[in-house]
Amino acid sequence: MTTLRKPSPAQRAEITSDAAKSMAEAVESTAGQRLRQAGLRTTRQRLALAEILFADGLDRHVTAESLYACAAGQGIKLSLATVYNCLHQFTNAGLLRIVTVDSGRAYFDTNLSQHHHFYYEKSGDLRDIPASHVQLANLPQAPAGQRISRVDVILRLDDAAPTS
Ligand SMILES: [Zn+2]
C-alpha cells in the first residue's frame, strides 16, 4: 500500500518561498533538507540515494540490492557497499526503519509510522498494512523492568504479488 506523506510545515514554507524555483530544484533541496535535518552531511552519494528514496514523498521498501539496481538504472554509479553503508547511515539517523523478514533479507522502510506488513514470499514484495487493520489481543506483559518498544506483524503470503 502506498500513501502520500504530507510535507512538514518547514517543507511547505520552503516550497512556497521558492516558488520561482523549478520543480526539480525544489525536489532536490527537499532531499538535501531531509539529510541535513537528520544531521547528515549531503555528500553526492547520499543526496543521489535520498532523492530516489524521499523526493516524491511516496513510501517504499527497498533492499540494498534493489536500491543499487534503481540507482544504476538512473545512471548513478555507486558500489553496492556504498549503497549498503548509506542505507545504514540513514537508518541510524532516523530516516529509515529496518524490516527484517528473515535472517538473510532486510528491507529499509521509508514509512516510519507504526504499521505492519504483508510479505509475498515468492516475489519478495513487501506491502504496508495500516496499524489500525491489525488488532492484537492478549499480548504478554513485558518482563519486569522491560518495556515493549514496538510490535511488528508480518503476514507471509505464499502467492505472487498482485500486479497493481
Ligand atoms: Zn512498511
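Biologist: Where is Asn138 found?

Modeller: Asn138 lies in the loop between β5 and β6. The model is a predicted one, in which local features need pLDDT of at least 70, side-chain atom pairs count only at pLDDT 80 or more, and totals for chains, interfaces and linings use all residues. Residues are numbered from 1 along each chain as its sequence is written. Helices (H or I, at least four residues) and strands (E, at least two) are DSSP runs, numbered from the N terminus.

Biologist: Why is Asn138 called exposed?

Modeller: A residue is buried if 20 or more other C-beta atoms lie within 10 Å of its own, exposed if 12 or fewer, and partly exposed in between, with C-beta atoms placed from the backbone. Asn138 has 4 other C-beta atoms within 10 Å, and therefore counts as exposed. Phi of Asn138 is near 60 degrees, a positive value in a residue other than glycine. Most residues other than glycine have a negative phi.

Biologist: What makes Ala93 partly exposed?

Modeller: Ala93 has 15 C-beta neighbours inside 10 Å, and so it counts as partly exposed. Ala93 is placed in the loop between α5 and β2 (97–102). Leaving aside neighbours within four places in sequence, Ala93 is in contact (C-beta atoms, placed from the backbone, within 7 Å) with Ala38, Gly39 and Leu40. Ala93 and Gln37 are 56 residues apart in sequence, and their C-alpha atoms are 9.4 Å apart in space.

Biologist: At what angle do helix α3 and helix α5 pack?

Modeller: Helix α3 (residues 44–54) and helix α5 (residues 80–92) pack at about 75 degrees, with their axes 10 Å apart. Axes are lines fitted to C-alpha atoms, for helices over the stretch in contact, and angles run from 0 to 180 degrees between N-to-C directions.

Biologist: Why is α3 called roughly perpendicular to α5?

Modeller: Angles under 35 degrees count as roughly parallel, over 145 as roughly antiparallel, 65 to 115 as roughly perpendicular and the rest as oblique. The angle of about 75 degrees therefore makes α3 roughly perpendicular to α5. In this contact, Gln45, Arg46 and Leu49 of α3 meet Thr82, Val83 and Cys86 of α5.

Biologist: How do you know that the buried residues of α4 are on the same side?

Modeller: The buried residues of helix α4 (residues 64–73) are Leu67, Tyr68 and Ala71. They cover an arc (that of the directions from the helix axis to the C-beta atoms) of only 105 degrees around the axis, which puts them on the same side of α4. These buried residues pack against α3, β1 (61–62) and α5. The exposed residues Glu65 and Gly73 are carried by the face turned away from the buried side. After α4 comes Gly75, with a positive phi near 80 degrees.

Biologist: What makes β4 and β5 a pair?

Modeller: Two strands pair if DSSP finds at least two bridges between them. Strand β5 (residues 125–130) and β4 are joined by 6 bridges in the antiparallel sense, and in β5 the bridge partner of His115 is Pro130. With strand β6 (residues 154–157), β4 pairs in the parallel sense over 4 bridges.

Biologist: Which are the edge strands of the sheet?

Modeller: The open sheet of 3 strands has the order β5-β4-β6, with mixed pairing. Its edge strands are β5 and β6, each of which pairs on one side only.

How values were computed: Contact = placed C-beta atoms within 7 Å.
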